[in-house]
Amino acid sequence: MSEHAMNFMPSEGFRARSKEVVENPFLRQSFRGAMDFLINKRITQFPSAEELETLRTLGEQIRQYNLGKLPTLLVQLEESLTRNGIQVHWAETPDEANAIILGICQKHSAKLMVKGKSMVSEEIELNHACEAAGIEAMESDMGEYIVQLAGEKPSHIIMPAIHKTKEEIARLFHEKVEGVDYTDNVDELIQIGRKVLREKFLVADIGLSGVNFAVAETGTLCLVENEGNGRLSTTAPPVHIAITGIEKIVEKLDHVPPLLSLLTRSATGQNISTYFNMISGPRKADEKDGPTEVHLVLLDNGRTQAYADEQLRKTLQCIRCGACMNHCPVYTRIGGHAYGTTYPGPIGKIISPHMLGLDATKTMATASTLCGACGEVCPVKIPIPDLLMRLREESFSEPHVAWAMVYRSPSLYKVATWLGSRFNWLTPSNQGPWTSVRTPLKPAPKRLRDLLKERA
Amino acid sequence: MSARDRILAKLNAAPVLPKAAPEIAAWYQTHRGTESTAEKAARFRACIEFAHAEVYAVSHASWPQKLWEVLTAKKVEKLLVAPGTTHGQRAISVLSESGITCRGYEQSIEDWKEEMFHDIPASLTAARGAIAETGTLVLWPDAHEPRLMSLVPPIHIVLLDANTIHNTFYEVMSNEGWGIESQSAMPTNALLISGPSKTADIQVTLAYGAHGPKELVVLLIGEEA
Amino acid sequence: MQTQGNAGQRPSDIYFFATCVVDQFFPGAGLDAITLLEREGIRVHFPEEQTCCGQPAYTSGFPDEARKVAAHQLTLFPENWPVVVPSGSCAGMMKHHYPTLFADDPVRKAQAEALSVRIYEFTDFLVNVLGFQSEDKGADCTVVLHTSCSARREMGVHLTGRQLLSNLKGVKVAQQDHESECCGFGGTFSIKQPEISGAMVEDKVKSLKATGAERVVSADCGCLMNILGHAAWKDKQEGRQTPSLPGEHIASFLLRRTSK
């Protein structure tokens with residue numbers, strides 16, 4: 001698939017982009033295979049339906065409790081982090097967040113930033129901002145590294161390079177990494193990435209990361225990962241900058257274990273990730289490694305707008321596991337790039353409007369059958385289908401006057417459907433999009449009400 | 001008004017009803033039982049081995065011997081240790097006679113970062129405890145045993161006492177009073193490690209040794225018959 | 001699974017809400033469902049004034065239009081009898097969304113809530129209210145069952161259809177891959193996102209056919225319209241004269257199998 005740069009009107013071109021993927025059997029098979037893999041892995045992690053259900057309820061309660069106290073907890077988090085020696089910054093917009101991060105970089109005359117996986121940094125397009133400021137921003141998550149090398153964007157929030165085959169990656173490494181021969185052996189490819197990125201970790205001036213949970217009481221930033229690049233990004237360089245949306249906060253440390261368990265089991269079907277990294281401060285005077293400065297940037301970017309509305313506030317419960325994508329029949333058919341938003345899939349459809357505006361994202365709400373698979377697997381019970389309906393209501397203004405007139409009036413309904421059945425031979429054979437892959441819809445010659453009368 | 005004040009003002013203006021505190025203790029009470037040390041050790045072992053770690057049952061007396069065997073089998077000639085710890089000292093005294101060099105982590109990383117990244121094949125640290133249900137090691141790196149020890153060397157060997165294994169992550173933090181100043185104030189870095197570094201980012205194919213250790217070896221004290 | 005209302009107690013009378021799709025496109029399925037219910041000794045009342053549950057407007061983001069249509073249906077069922085609906089999707093609309101739809105109208109909200117507990121999806125009603133058991137009189141055959149997303153996730157009645165089929169001794173129910181996945185109909189979705197909808201129904205038909213079953217049965221005519229429409233289109237494309245995947249409403253299949 002060609003490069004799809006961040007699109008500020010993702011609605012435009014959504015159908016064209018979806019069509020491109022749908023008509024590519026190879027891509028379709030590869031998304032299908034990957035999603036099946038993740039779906040099956042998740043289900044093995046939840047052998048007990050009762051445990052899954054009660055744990056999801058607990059997850060929902062934890063998230064709702066913390067969102068209920070969000071402003072208080074943010075102030076508490078700021079106090080705890082400051083006490084621990086972590087510097088806290090606030091940003092309302094992506095531009096403000098980038099300015100804060102670049103300011104820290106410039107203070108340290110930074111040339112190279114290594115990045116752990118952070119969707120918020122994608123959201124603010126930090127890499128572009130760094131490039132413009134003459135700072136090299138290097139992605140270090142294997143998937144993100146591959147995507148960056150290819151000049152693309154992540155197509156899944158957990159598996160950024162899920163749209164690429166190993167052969168494509170082999171060609172990419174051969175072309176873009178100096179001295180690398182073509183190999184499509186996955187182990188060898190990973191070792192190539194490891195080698196390149198190790199040298200970057202060694203010399204990087206800044207390490208950037210996201211945050212999975214920020215604990216207000218203890219002033220702790222928690223990061224979930226498997227590769228170790230998140231730990232390296234937050235440990236090896238002299239300065240660590242973490243960035244997070246304001247919603248990723250929990251009051252107490254003991255809120256973390258249930259959420260962590262839900263997150264890793266829902267995301268990749270692992271009972272736990274390889275690493276869970278809890279950072280509560282920069283290097284102390286007697287310690288020998290770790291960054292000497294740690295910063296946290298708290299980003300709004302539309303989250304306060306969602307917060308203002310009781311129903312839309314539920315979008316902020318999200319712990320970014322991606323299970324809604326994995327289980328979405330639409331995502332499975334079109335992959336992440338078609339959406340044109342940083343966050344694709346069902347969750348992307350309901351959070352992107354806060355970031356980009358409803359006008360820019362309205363087509364997306366129609367790209368769902370409301371099948372409910374996303375809501376069913378959401379580990380924190382976000383009612384995604386209900387929220388999609390709500391967005392549909394807000395996206396459209398022209399009412400279906402004629403339809404309502406017919407169906408609210410039994411007499412008009414009877415006339416209209418009688419005409420439909422009596423003249424069913426007049427049914428057009430071309431019924432627009434419906435007949436592109438289906439035979440035309442044709443009313444039966446007699447309606448049920450007619451059959452019942454005949455029978456009597 | 002600063003960005004901070006504007007964000008807080010918007011949040012405070014929202015009509016939000018407080019929600020009841022989640023009953024986390026009750027959930028774990030209902031859904032997780034208690035187990036004997038042997039049961040927990042067995043579960044821990046099965047889980048972390050499933051995640052590709054090697055586990056050896058050892059005793060307090062025998063672990064240095066097993067350490068030597070593991071290093072020899074893996075043809076490791078240099079081991080990063082923490083000289084400020086008793087286990088580090090024991091490793092130094094045992095291995096120095098066997099031709100394996102022990103490198104102590106004694107300076108700030110800035111003084112030897114190149115060597116750490118390029119010339120340290122293995123490290124030895126202790127674990128503070130472990131979690132049975134997920135096969136997880138709990139490490140709290142400190143001045144003696146700094147953060148990068150368990151991260152940069154391609155082979156990480158961990159000493160774990162079976163008596164410190166808990167059933168769940170929740171149990172570890174509540175039993176040990178994590179985050180409570182008078183008991184266990186949070187360290188600058190606390191880690192849960194559940195296997196060697198890995199990734200499935202290329203075509204969902206699992207590969208080990210993405211960025212952290214390629215091999216994780218656990219010397220489990222107390223399980224030995 | 002639904003257990004409220006008259007569960008366990010065999011009613012003498014019921015209302016039948018056919019749904020507009022059954023009334024206009026699958027009248028035979030409606031008639032078969034009614035015949036089957038009557039054979040169980042139940043008087044079936046078909047309110048002549050019924051039209052549509054309002055779901056097309058509701059899920060398309062037009063709650064006002066949906067409300068107008070729904071308000072009309074609220075008046076059709078005065079007696080305290082169960083209302084049986086041969087579609088999980090329309091039943092879900094009436095059971096779960098009517099009360100929300102009228103949240104700001106206390107009188108209609110009360111009516112909607114009172115109606116909600118009386119709404120039954122057809123297969124759920126057969127299994128859990130009537131305890132339907134009937135001797136299979138047909139020849140051995142293999143069928144595959146498609147359950148709609150609303151029946152599965154909103155109504156929680158994904159097991160009842162399977163139970164009805166597995167009670168038929170000559171019928172083998174085949175297992176398709178991705179059984180719980182949506183067929184891609186989604187009402188106006190199929191018109192607004194035809195490429196994605198087309199890909200979904202294509203995959204669904206492939207997995208149904210791959211079972212080798214001789215027909216597909218479903219308790220939702222919306223899905224059937226989509227699935228059978230695609231299967232027939234494909235047959236035409238590939239020049240087949242006989243349908244490669246015939247299908248029908250589960251009521252028609254049950255009636256035929258259990259009649260002489």
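Let's start with one link between two chains: Glu51(A) and Arg32(B) join their side chains in a salt bridge, with N and O 2.9 Å apart. A salt bridge here is a side-chain nitrogen of Lys or Arg within 4 Å of a carboxyl oxygen of Asp or Glu. The model is a predicted one, in which local features need pLDDT of at least 70 and side-chain atom pairs count only at pLDDT 80 or more, while totals for chains, interfaces and linings use all residues. Residues are numbered from 1 along each chain as its sequence is written, chains are lettered from A in the order in which they are written, and side-chain values use heavy atoms, with hydrogens and water left out.

That salt bridge belongs to the interface of chain B and chain A, where the rule finds six salt bridges. There are also 42 residue pairs in polar contact between these chains, both residues being at pLDDT 80 or more. A polar contact is a pair of N or O atoms within 3.5 Å; within protein, one must be able to donate a hydrogen and the other to accept it, and residues adjacent in sequence count only if both atoms are side-chain atoms. On the side of chain B that touches chain A, H1(B) gives the most, with eight residues. Helices (H or I, at least four residues) and strands (E, at least two) are DSSP runs, numbered from the N terminus. By class, this side of chain B has 41 nonpolar, 21 polar and 15 charged residues; Ala, Val, Leu, Ile, Met, Phe, Trp, Tyr, Cys and Pro count as nonpolar, Asp, Glu, Lys and Arg as charged, and the others, Gly among them, as polar.

How much area is buried between chain B and chain A? It is about 7,300 Å², and carbon and sulfur atoms give 60% of it. Buried area is the accessible area (1.4 Å probe) that two parts lose on being put together, summed over both. Asp201(B), Ile202(B) and His211(B) supply 12% of the area that chain B buries against chain A, more than any other three residues.

Now to the partner on chain A's other interface. Chain C and chain A bury about 5,400 Å² between them, with 63% of it on carbon and sulfur atoms. The contact (heavy atoms within 4.5 Å) takes 63 residues from chain C and 57 residues from chain A. Twelve salt bridges are counted between chain C and chain A. One pairs Lys453(A) with Glu48(C), whose closest N and O atoms are 3.7 Å apart. The largest share of the side of chain C that touches chain A comes from H11(C), with ten residues. Chain B and chain C have no contact, and their closest C-alpha atoms lie 19 Å apart.

Finally, look inside chain C at helix H6, residues 106–116, where Ala112(C), Leu115(C) and Ser116(C) are buried. Buried means under 20% relative accessible area, exposed over 50%, and partly exposed in between (1.4 Å probe, protein chains only). Down the axis of H6(C), the buried residues fall within an arc of 100°, so they line one face of the helix. The arc is that of the directions from the helix axis to the C-beta atoms. An α-helix has 3.6 residues a turn, so residues three or four places apart point the same way. Pro106(C) and Val107(C), on the other side of H6(C), are exposed. The buried residues of H6(C) pack against helix H4, strand E3, helix H5 and strand E4 of chain C.
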